[in-house]
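Morning, everyone. Please have the sequence and the model open while I talk.

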Amino acid sequence: MKRLIIPKDYKSELGLLDTEIAIKFVKDTFERLLADKLNLTRVSAPLFVFPKTGLNDNLNGYERRVNFDIKNIESEVEIVQSLAKWKRHALARYQFIPHTGLYTDMNAIRRDEDLDTLHSAYVDQWDWEKIIDREDRNEVYLRKTVKDIYSVILELEHKVSMVHPHLYNELPQDIYFITSEELLQRYPDKTPQEREYLICKEKKAVFLLGIGGKLSNGMPHDGRAADYDDWSLNGDILLYYDVLDIAFEISSMGIRVDETSIVSQLKAKGEETKLENPYVQDILNKRLPLTIGGGIGQSRLCMFMLRKAHIGEVQSSVWDDKDLKLLEENGITLL
């Protein structure tokens, strides 16, 4: 559902050129810190893939992919929606060893997004993935990785504030962990979005565990593809963003499915036909490593760190003419 938020008396702290300089600083600093903390190596990644490979991300299952033909190639190709599956193949192909991994720039077109304050048709994120051992497939390891990523966000916040002291968000030193079921029990009469807002307003930085499977009310907290995250070992990093007074998702991540969980999750979504695609067969036959990984929104992180009111202030995309006029009237100038 489209949600355009216009904060009262908003004024960007940075002009257009200074914003572009600050965006580069945020991106360069964060990816360097992240690579060091998680032991990751940068690699190149595809912008499009063949549908028959099964490597494209299904997201929630209803999003239409952007596809096109290429001269001299008989099959059409699809713009990636994320690199969740491709990364696992790359780790095997490049012969990474346990507790090392990769990160890359993922650029995508999501034509079915509702274009609003936080959502654009253009998606840019750091996709990362690392190999783990079977004994690492537990909540303890997941929490440790979340804390490592959050420590990088805190260090970035500090470095940004050294350059721009007026752009300080005052994040807490520790991130709060809660499961989606615990959150439902805390706020049983609220929607998932309302629950996220309330816990973020209270704790400021939250990791919401266990997204995709049905909760005690018979509904999942949110949709997740059945064939990459293990729904019991995944979650979202959420920050409270006072500029817009919202729960602000920075990252979706998790320990990936193994040969057991992928079968149960595909059955739960009625997608057993996918059991025959090459990617799933590679998991079932243990030809791919066990991994943990996720995506971290580049524009989202820049928007948060630079205290912007609209994602279009930190990325160049396309927007509805009515929205453009309304935003400009309220002091929000898009790139």
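Ile23, Val26, Lys27 and Phe30 in helix H1 meet Gln298, Leu301, Cys302 and Met305 in helix H8. Sort that contact by class and you get 6 nonpolar, 1 polar and 1 charged residues. Helix H1 is residues 16-38, and helix H8 is residues 298-305. Their axes come within 10 Å and cross at roughly 115 degrees. The crossing of H1 past H8 is right-handed. Keep in mind that this is a predicted model.

Next, helix H6, residues 261-268. Which residues of H6 are buried? They are Ser261, Ile262, Gln265 and Leu266. Look down the axis of H6: these buried residues fall within an arc of 125 degrees, so they line one face of the helix. Here is the background: an α-helix has 3.6 residues a turn, so residues three or four places apart point the same way. What do the buried residues of H6 pack against? Strand E9, residues 229-241, and helix H7, residues 278-284. Now turn to the face of H6 that looks away from the buried side. Lys267 and Ala268 are there, and they are exposed. Just after H6 comes Gly270, with a positive phi of about 65 degrees.

Staying with phi, there are residues other than glycine to point out. Asp9 is one, with a positive phi near 55 degrees. Asp9 sits in the segment before H1. Is Asp9 buried or exposed? Exposed, because its relative accessible area is 70%, and the cut-off for exposed is over 50%. Asn72 also has a positive phi, near 75 degrees. Find Asn72 in the loop between strand E3, residues 67-70, and strand E4, residues 73-79. Asn72 counts as exposed too, at 74% relative accessibility.

Now the charged pairs. How many salt bridges does a search of the whole structure find? The search gives 25. I'll take a few of them.

Start with Glu78 and Arg65. Their side chains meet in a salt bridge, 3.0 Å from N to O. Glu78 is in strand E4, and Arg65 is in the loop between strand E2, residues 48-49, and E3, so the pair ties together parts that are 13 residues apart in sequence. Glu78 counts as buried, at 11% relative accessibility. Arg65 is partly exposed, with a relative accessible area of 23%.

Lys144 and Asp148 come next. In this salt bridge the closest N and O atoms are 3.1 Å apart. What separates Lys144 and Asp148 in helix H3? About one helical turn, because they are 4 residues apart in that helix, which is residues 139-163. Lys144 counts as partly exposed at 49% relative accessibility. Asp148 counts as buried at 17%.

Then Lys201 and Asp245. Their side chains form a salt bridge of 3.8 Å, N to O. Lys201 is in helix H5, residues 192-203, while Asp245 is in the loop between E9 and strand E10, residues 246-256, so this pair ties together parts that are 44 residues apart in sequence. Lys201 is partly exposed, with a relative accessible area of 36%. Asp245 is partly exposed as well, at 32%.

Last item. Which residues are linked in a network of salt bridges? Arg134, Arg137, Asp230, Asp258, Glu259 and Lys286.

Terms used:
Residues are numbered from 1 along each chain as its sequence is written. This is a predicted model: local features need pLDDT of at least 70, side-chain atom pairs count only at pLDDT 80 or more; totals for chains, interfaces and linings use all residues. Side-chain values use heavy atoms; hydrogens and water are left out. Axes are lines fitted to C-alpha atoms, for helices over the stretch in contact, and angles run from 0 to 180 degrees between N-to-C directions. Helices (H or I, at least four residues) and strands (E, at least two) are DSSP runs, numbered from the N terminus. A crossing is left-handed if the near helix is turned anticlockwise from the far one by less than a right angle, and right-handed if clockwise. Contact means heavy atoms within 4.5 Å. Ala, Val, Leu, Ile, Met, Phe, Trp, Tyr, Cys and Pro count as nonpolar, Asp, Glu, Lys and Arg as charged, and the others, Gly among them, as polar. Buried means under 20% relative accessible area, exposed over 50%, partly exposed in between (1.4 Å probe, protein chains only). The arc is that of the directions from the helix axis to the C-beta atoms. A salt bridge is a side-chain nitrogen of Lys or Arg within 4 Å of a carboxyl oxygen of Asp or Glu.
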